[in-house]
Amino acid sequence: MDSLRVSNLCKTYIVNKRQNNVLRNVDLEIKAGEMVAIMGPSGSGKTTLLYTVSGMDDATAGKVNFFGKELTELKPNEMSDLRLQEMGFVFQQMYMLKNLSIYDNIILPAYQANNKCKRKDIQERAKVLMQKLGINDVSDNGVTEVSGGQLQRACICRSLINQPKIIFADEPTGALNKQNSIEVMEELTRINAEGTSIMLVTHDMRVASKCERVLYIEDGNIRDEMTLGKCQLTDDMRLRERQLNDWLIKLGW
Amino acid sequence: MFWQILKRDMVKRKGVNIILFLFITLSTVFLASSINNISVVFSAIDYYMDFANVPEISMIMNSDKDNDKIQFYLDKQKEKGIIEDYDYDHLIEISDQSVIVHQNNEEKKLEQESTGMYLSTMDANYCKVFDTDGNELTLNDEEIALSVSMMKNAQLNVGDKLTIQNGGVKKTLTIKTAVKDAAYGNEMVGMTRFMMSHKNFLEYQKNAQQLGVYYISTSNQHFLQDFNNQGFEGVMNTVTLDTYQLIYSFDMIIAGLLILIGVCLILIALLVLRFTLVFSLEEQYQEIGILKAIGLRDFAIKRLYLIKYLAIVIVGATLGALMSIPISQMMIDGVSQNMIMNNHQLNVLLNIVCAFIIIVLVLIFCYFCTRKLNKVSAITAIHGGYTGERYSKNSGIRLSRSQHLSVPFYLGLNDIMTHISRYIVLMVTFCISFILMTIPLNTIHTMNSPEMSKKFALNPESSVYVRKIEGKNGTYHHTKELMNGVEYLQKEMNEKGYSAKMTVLPIYFLSYNHEDTNQKNTIMSLQILGPSDSYLEYDEGDAPLLENEIAFSKDIMKANDWVIGEQVILNLSGQKKKMMITGTYTDYMQIGQSARLNPQIDCSQEILFDYWAIMVDLDTDKSQQEVAKIMQNLFPEYEWKTAQELVDQNVGGIQEILSSLLIPMTVMLCAVIMLITLLMEKLFITREKGEIAMMKSIGFKQVSIRHWQIMRMSLVVIVSMMISIPLSLLTNHFMLRPIFAIMGAELTIQVDPLQAYLIYPGILLIGIIVATAIATRSAKNINIREMNNLE
C-alpha cells in the first residue's frame, strides 16, 4: 500500500482520574508524494494526531497503516527503526544536540541507521542537502551559533538524511520570523515536489496554503478537508490563501 | 516558594539525599571510632608500660661471665644517680619441639611462630605479668601461664596441659591462665615466655642453658652508650622502652586504615554534595531569579540550600556518632585483650567532637559551593543562567571526522570532551577508589617480592627454607652445633633422595668500636655460611669476603659516622680484630641495624643468639610452596617455609591481614562507587531528558541510548584508571615507601600491573557498568514529549 492510512484512531489521556478523549475515531489517508496540512483550534488534537500517526505516541485504539506496515503492531525497536529510516521529523523548536556541530547533528541519524551505507556517502549526501537548503556555510558552527531559520533548515536536512518516505512537521515555522518562515516553507515545498510526502501541523494559513490538501480537526476528529492541489511556482499564492481563508471562516476558525 | 523549593528538592532528590546521608553517616562512624581507638591506644601504651614496670633498657645476656663486673658498674651508676634502679633475672631457652600439648585427651605439637621461647618466673621487679583481669599473677607449682597471643595462636585453653622437656627435666604443667605480658607478650617482640612457679623454674634451671636479663631503669640518654663502652662480655641484645612502644603502636594500623577510609568517604561525600548542589542550583535558576528579583538577599536564598544540607548532615553525623559508640567500645575491648588500660570507659566526647567537626566541615563546604549565586544577577537566573554569551567554542570532537567510531561511543566521548568539568567529580571518586585498591595490592605484592626476601636476608632463589632443626635436642649455643644439625638434616634428606645444598645464617651479638675511639656498640651480626652467599645486595661498596672485612647497615654507619674503607675493632671471643668496612646496605634485620660478617671469620667460640631460616637449594622445578609441602610431609619435625611465609611472619602477619581484607575492601569500594555511579547517572539522565526525548523522536532505540550512557561512563572510568596509575605510583612513593622504611629499609614498591591496573579496576569497572545500566533503565520512561525540556 503506497500511503499512510489512519482508521478509527483514538487517543485518550487520563488526567486526575478524568478521561480526556483527545482523538476520536480519526480516519485519514496521505498518499505518497502528498503534502497535507492539519489545522484546527488550540487543543483540538493536531499535535497528538501527528505524534500518534508517526508512532511517537501510542494510540489508544484504531489502526495506522504506514506504507503497508501496521504501526500499532510494531514492537518499540521496530518502531524506532521505522522512525529512523522511513520518517523525518521537524519540530517547532529546533531540537538538536548542543554538543554537536550542525553538520554532525545532520549526519547523526544516518550514522545511527547503519544501513550499509558508507560514511563517505552519507557525508556527501549531507553536503548536497545543506547546499540545497543553503546552510553549507554554517555546517561547522555550533547549534547556538546560527540563526533560527538556519537551524530549522538544518533540522529539515537532518529529517531528510535517511531519505524518508514522509516528513512529519509540527509547526515548522512557529518559532521563526516571516522571512525565515518563507524560506523554510519553500524548502519543504521543493522537497515535496521531489517526491517526499509531508504531513504538517500549523496555525499559519500561509504555510497551509502551500499544501495540496488541508484537514481541519476539531474536538479530536476531522471535521472537514479542502483540496488546494499541488502548489506550483506559477500559482497565485494570494488566491490559494484566500480560498483557504474562506473555507476556514466557514468552519468557524 | 521558599518551602516549595525545599520540599521539592527533598522529595525530588530523594535518592541523592539518601546517598549523601549514608556517606556522612558512614564517614562519621569510621572517623569517630578510629580516632577514638587511636587516642585510647596511644594513652594506653604508656599506661601499660608503666603499670607493668617495663624498664627503659632490657639487656639480654648470653653469659654471666662478667656479671660481677656489670653489677659493680650498675651499683656505681646507681650511686651517681645515672640509673634509678636495676634488676637481674634469668630466662631458660627452650625449643618448641620440647613442648607437647595435651588437649582434649590428645597430644599435639605446639603451634607457634615466635622466634624464641623461654621459661620464666615472676621474681623480677620489672616486666611484670598480669592475668586477664589485670591482677598480678600468682602461680602454684605445676601451673603455667602463657601470653594471650600465644594462647590464641596455639589454640590453647585454660586447663590444657603442657609437657616441657628441657635439660633432662620433663614435667607436665597445667595452664592456669592467659597473661598480659607487656615485654614478651606481643608477637612482634619475637620472644615469648612461659611463666611458672619459682620451684618448677629451679628444677629446669639445673641443667639448662639460660639467658640473663638486666632490667635497667634510667632516664639518662647517655647511659646505654657508656654501658656499651665498658665492653662487658655476653651482652647479646638490648631492647629499649621505645622499641616496645613502637611495637604496640602497630595495634593502631587498622584504626589508621579506617581513618583513611573515613577521610576518603568524606571527600567523596563532599564531591557528590558539590555536584548535586550545583546541579540543583542550575535546575532552579528561574526560581532563584524570581527570589532575587523580589528582593531576597543572596544569603537568604543560600540559607534555603544550607538548611537542607544542615538537616541531612546533622541527622547523618548524629546517627554516625551513635553508631560509632558500640564500634569504638568493640575496638577498645580488642585492645584491652592485649593491654592493661587505666580506663576501659569510652570517651564519648571524642565521638561527639568528630561528628561536630564533620557537620561544620560539610556546612562550610556547602556555603562555598553556593558562592555561584553571588555572581548571577536576577535576570540571568530567570533566563536559566544564560548571560547571552552563547557563542562559546565547542571543544568536542567531530562525528564527521571520526570514521570508525560508533554513534554511542562518539556521543559519550564528545560529552566528556565538551563538559569535562561535569565528569571531574566522578573521575576524582573513581581515582580515589582505584588508588585505595592499589594500596593493599601493592603492599602484598611488595611483601611477596624477591627484594623483600632479600631485605630479610633470604635468598629468593632458594628451593625452600627450614627452621628449628634442633628438634628435641635443646637449643644450639654455638655455630658448631648448628653446622652439625645442618649436616644431619642433609644426611636425612639424602637418605630420602634429596641432595640438598644448605646455606646457614648464624646470628651473633658482637661488640664493635672505631679504631680511634672507645665508643662501643653491640650490633646484631649475621654470617652467611654455605654455597648461596652472593645474593645479598649492597647500596654502596661490596660484600665482605676476606677475613678482615665487614659490612654495616646504613643506619649503623650513619649513627657512628663510619664510612666505607674505615677500620673498626671487632671484639671477638676476647680478641680484638681489625675489620675493614667494605660495603653498606639497608635491610630489615634488627630494624635496619645490623652487621654482615665475612664467611671466613671464625665465630665458633661466640655464643649463638639464634640462626636465621636455613636456605635449602634442591635440583627441582617445583615452587617453594610445593617443595615446602613435600618436605613438611617427609620431615614433619622441622618447620618448612616459603620466603613469603617467613617475610609475613617477620612483619607480624600484616600480609595475611591485608590479604583477608582484600575481598571485603573490594566489595565495599565496589558498593560505594556503584552507589555514586547510580546517583550521578540518574542526575545526568534528569539533565539530559530533553536530548534523550529528541533522540528517541528521530529513531534512536532505547538500547542505543543506554549504550551511549554506558559508553560515556566506561570512558570516564578508563580515563580515571589512566589518571590513577601515576597517582598510585606517587602514593607508593610518598605513603607506602615511608611505611616500609619504618621497619628499617627503603625498598621499591612492587606493582603487579595485571592485578593493580587490570583485574581489580576491571571488577570496579564491571560494578560501574552494572550501576549505569541499572540507572539508565529510567531513560525508558522518558516520553518524546519531554523534548520541551531541551534547553
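Visitor: Leaving aside its neighbours within four places in sequence, which residues is Tyr305(B) in contact with?
Guide: This is a predicted model, in which local features need pLDDT of at least 70, side-chain atom pairs count only at pLDDT 80 or more, and totals for chains, interfaces and linings use all residues. Residues are numbered from 1 along each chain as its sequence is written, and chains are lettered from A and ligands numbered from 1 in the order in which they are written. Beyond those neighbours, the contacts of Tyr305(B) are Leu277(B), Ser280(B), Cys366(B) and Thr370(B). Two residues are in contact if their C-beta atoms, placed from the backbone, lie within 7 Å.

Visitor: How far apart are Tyr305(B) and Leu277(B), in sequence and in space?
Guide: They are separated by 28 residues in sequence and by 7.9 Å from C-alpha to C-alpha.

Visitor: Which helix holds Tyr305(B)? And is Tyr305(B) buried or exposed?
Guide: Tyr305(B) belongs to helix H10 (residues 298-336) of chain B. Helices (H or I, at least four residues) and strands (E, at least two) are DSSP runs, numbered from the N terminus. Tyr305(B) counts as buried because 22 other C-beta atoms lie within 10 Å. The cut-offs are 20 or more such atoms within 10 Å for buried, 12 or fewer for exposed, and partly exposed in between, with C-beta atoms placed from the backbone.

Visitor: Staying with chain B, which domains does the assignment give?
Guide: There are domain 1 (1-44 + 256-392), domain 2 (90-195), domain 3 (406-456 + 643-791) and domain 4 (464-619). These bounds come from an automatic or database domain assignment.

Visitor: How do domain 3 and domain 4 of chain B touch?
Guide: Nine residues of domain 3 of chain B are in contact with eleven residues of domain 4 of chain B. On the domain 3 side, helix H16 (450-455) and helix H20 (643-650) of chain B each contribute at least two residues. That side has five nonpolar, one polar and three charged residues. Here Ala, Val, Leu, Ile, Met, Phe, Trp, Tyr, Cys and Pro count as nonpolar, Asp, Glu, Lys and Arg as charged, and the others, Gly among them, as polar. The C-alpha centres of domain 3 and domain 4 of chain B are 47 Å apart.

Visitor: What is the confidence in chain B?
Guide: Its mean pLDDT is 85, with 94% of the residues at 70 or more; pLDDT is the predictor's confidence in each residue, from 0 to 100. Among the elements of chain B, helix H1 (residues 2-12) has the lowest mean (67) and strand S18 (residues 549-553) the highest (95). Residues 387-392 of chain B have pLDDT below 50, and this stretch has four contacts in the model beyond near neighbours in sequence.

Visitor: And what are the scores for chain A and for the model?
Guide: Chain A averages a pLDDT of 89, and 99% of its residues score at least 70. The model scores ipTM 0.87 and pTM 0.75.

Visitor: How many residues meet between the chains?
Guide: The contacts involve 26 residues of chain A and 24 residues of chain B. On the chain A side, the elements giving two or more residues are helix H2 (76-86), helix H3 (102-113) and helix H4 (119-133). H3(A) gives the most, with seven residues. By class, the chain A side has 13 nonpolar, eight polar and five charged residues.

Visitor: What makes up chain A, then?
Guide: Chain A has eight helices and ten strands. Its radius of gyration is 18 Å, close to the 18 Å that the globule rule gives for 253 residues, so chain A is as compact as a globular protein of that length. The radius is taken over C-alpha atoms, and the rule is 2.2 Å times the number of residues to the power 0.38. Of the 253 residues of chain A, 49% count as buried.

Visitor: What is the order of the open sheet of four strands in chain A?
Guide: The order is S2-S1-S4-S5 (chain A), with antiparallel pairing; two strands pair if DSSP finds at least two bridges between them. Strand S2 (18-31) and strand S5 (69-70) of chain A are the edge strands.

Visitor: How many bridges does S1 make with S2 in chain A?
Guide: Strand S1 (residues 3-15) of chain A and S2(A) pair over ten bridges in the antiparallel sense. Val15(A) stands opposite Arg18(A), and Leu4(A) stands opposite Ile30(A). The two strands form a hairpin with two residues between them, and Asn16(A) in the turn has a positive phi of about 50°.
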